[in-house]
2 protein chains.
Amino acid sequence: MAAFSFNKIVIFGVGLIGGSLARALRERAGLTGAKGEVVGVGRSIKSVERALELGVIDSAVFLDDDRALELALRDADIVLVAAPVAQTEPLLRRIAPFLDTRTIVTDAGSTKNDVVSAARAALGDRVAQFVPGHPIAGRESSGPDAAIPDLYVDRNVVLCPLPENPASVVERVADMWLATGARVHRMTAEQHDSVLASVSHLPHVLSFALVEMILQAPDAALKFSFAAGGFRDFTRIAASSPEMWRDICIANRAALLTEIDAYTNVLARLRQAIDTADGAALQAAFERSRTARTVWQQGGAIKAADDSAQ
Amino acid sequence: MAAFSFNKIVIFGVGLIGGSLARALRERAGLTGAKGEVVGVGRSIKSVERALELGVIDSAVFLDDDRALELALRDADIVLVAAPVAQTEPLLRRIAPFLDTRTIVTDAGSTKNDVVSAARAALGDRVAQFVPGHPIAGRESSGPDAAIPDLYVDRNVVLCPLPENPASVVERVADMWLATGARVHRMTAEQHDSVLASVSHLPHVLSFALVEMILQAPDAALKFSFAAGGFRDFTRIAASSPEMWRDICIANRAALLTEIDAYTNVLARLRQAIDTADGAALQAAFERSRTARTVWQQGGAIKAADDSAQ
C-alpha cells in the first residue's frame, strides 16, 4: 500500500462511505510531512458533529454556511462527494463558486453516466478537475458510526476518467484509493453503468420484486411464514434503502432497462423449459449457473458462454 | 418436546434429511421402554455403510436386497422416504410388496401433489397408510456426514393428510416430527405446492436465471469480477443441486408456472416505473418490500397488501 500525502481533503457526506475514506486516510495512509487535514461537510449538523466526536474528521462544516464552506475549500487538495447520486448536481453547484483551480473533485456515486452529466452541468469547463469514481463497498449499517478504516481493503474502486481529465489528476485520485487498500480499475462511465446494472442494480430490483409479488398474494402471511433460508438470502437486499434504490434505478435507467429485458428473456426461456418438462435444458442451465457461481465464490475467472465475443 | 416411542423406523435415504431424523429420534426423543431401532436403506452400499459407521442408524440394508428389505420392513412402525421426489414412485413400488398393514409410510419430498399421485399409483388402496410430509430444513452440505440431531429444531414440517388417512395415522407422524423439535403444520398438497413455489422454488429459478443471464453477456468475466455482496447473497442458491432443482421444477410445474407469471407481471410493472422515472411508484414498492422483509426477519406476522382477500 502506497503512502499518500495531502494537506487537506474535504468530504461532503461523512457517513459510511465518506467517513470510511476519512478514517482510512487518517489511520492507514502514510503521511510524509504533509498536514493531512480532513474536513467533513454535512447537511445535518448532527451527523458532522458526530463524525467530529468520533475522530473521523478534523473539523466539521455545515453545508449552508457560505463563509465556512469557502474557507474549507480554499487550498483543498481533493474534494470527495459522498452523497446519494441525486444530490451530486446540487452539491457540485454549491462547491463550484469556491473551487480552487488546483483542487481535484471526485465522487463515490453508484452510477456514473448521470454523474458525468451532472458534473458537466454544474462545473462547465472546470469538469477537467472532476474524476468520476465509485468505490464498490458497503456494510449493513450506515452513518458516521459505521465508518471503519478497513472498509476499502481489497475492494474494487472504479474510476471513469473524462477525456478532459489530465493524466496526473486521475493518477492522484487513484493514489488516494490505493492508499486505503483498494484495487483501482478504470473503465468508461457506460461500461461501469452496464456492469453495475447487471451485477448489482438488477438483483436489487429482482429481490424487491419477489417480496412485492408475495405481498400481493391473498395468502401472503401464510407464504411468508413458510419462507426459509433460500428466501432469506435472496431477499436480504430487499431490505435496502428505498430512497437510494429509487435514485439508482432512475439514474441508471437506460442500462437497467436493458438488463431487465435480457433477464426477462432468460426467465421466459426457463419458463418454457419448465412448461415442456424439458429436464435436460433445465439441468444444463442450472449446471452452468452452479459452476459459474462456485468459481466466482472461490475467486476464479469465469468464462463467458460465448467466448468468441470476448 | 414430547417423548416418542417406536420399535422400528425404516428410513429410505440416510443423507442429510433422513440421517438427521434418525439422529434426532435416537439422540433427542425420549423412549419409554420401546426398542427404538432405526434401519437405514440405501441404493449405494457406501452411504448406508457410512451412516452405520457414524452411528446414525442401527442397521443398514441395501435397496436391491429383497430378503433384507423384507426383514427390515416387517413390523416397522414407520417408513420414511427421504429421497429426491422423482424417486418416490419407484421407491414406494419397491416397498409395497413388503408393507405391513400396520406400518405408516411418510415422505420428506419438496413437492406434494406429485408425491400424492405417485403414492396412489404405487400403493393403490393402501394409500391410507401414506401421509405426505415435507420437513422444511436444509444445510449447505449433504450426505450422512451432514446429518445432525438438531436439524429440525424450530423448523416447519408440513403434513398434507389424504382423505383416506385415519386421524390416528396422521397424529403418529405429527408426533414423530414434534419429537425432533419441529413445528408441525397441516395443509392440502395444493396449498403446500403453491406456498413453496412462491417462497422457495421461484427464488431458486430467479437466482439461477441471473447467473445464466450474466454468463450469456459478451463481457461476462468483467461483470462477475465486479459482483459484490448483493450478488453473493442473491445467487447463493444458484449453487444448489441442478438435478434436485430440475426435478422440483418439473414436479411442481403447474404452481411454479403460476408464480413465474405473477412475478413477470410485477417485474414488468417495476420496469414501467423505471422507464417513466416514476420515483414515487418505485419508492412505494421498495418501502413495502423493505418493511415486509424486515418484519419477516424479526419473526413478525406480515399483512397481505389486500387484507380483504384473507
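**Figure 1. Pairing of β4 and β5 in the parallel sheet of chain B of this predicted model.** Val81(B) stands opposite Asp107(B) of β5(B), in a stretch where β4 (residues 78–81) and β5 (residues 104–107) of chain B pair in the parallel sense over four bridges. Strands and helices here are DSSP runs numbered from the N terminus (E, at least two residues, for strands; H or I, at least four residues, for helices), and two strands pair if DSSP finds at least two bridges between them. Residues are numbered from 1 along each chain as its sequence is written, and chains are lettered from A, and ligands numbered from 1, in the order in which they are written. Because the model is predicted, local features need pLDDT of at least 70 and side-chain atom pairs count only at pLDDT 80 or more, while totals for chains, interfaces and linings use all residues; side-chain values use heavy atoms, with hydrogens and water left out.

**Figure 2. The three-stranded sheet of chain B.** This open sheet has the order β7-β8-β9 with mixed pairing. Both β7 (133–136) and β9 (183–186) of chain B stand at the edges with a single partner strand each, so one side of each is left without a neighbour in the sheet. Neighbouring strands are turned by 20 degrees against each other on average, direction ignored. Strands β7(B) and β8(B) pair in the antiparallel sense over four bridges, and Pro135(B) has Val157(B) in β8(B) as its bridge partner. Helix α6 (residues 167–178) of chain B lies across β7, β8 and β9 of chain B, running at about 150 degrees to β9(B).

**Figure 3. The contact between chain A and chain B.** Each side is given as a residue count, with 94 residues from chain B and 94 residues from chain A. The two chains bury about 8800 Å² between them, 70% of it on carbon and sulfur atoms, where buried area is the accessible area (1.4 Å probe) that two parts lose on being put together, summed over both. Eight salt bridges are counted between the chains, a salt bridge being a side-chain nitrogen of Lys or Arg within 4 Å of a carboxyl oxygen of Asp or Glu; among them, Arg288(A) meets Glu212(B) at 2.6 Å, N to O. The largest share of the side of chain B that touches chain A, 19 residues, comes from α7(B).

Technical notes: Contact means heavy atoms within 4.5 Å. Axes are lines fitted to C-alpha atoms, for helices over the stretch in contact, and angles run from 0 to 180 degrees between N-to-C directions.
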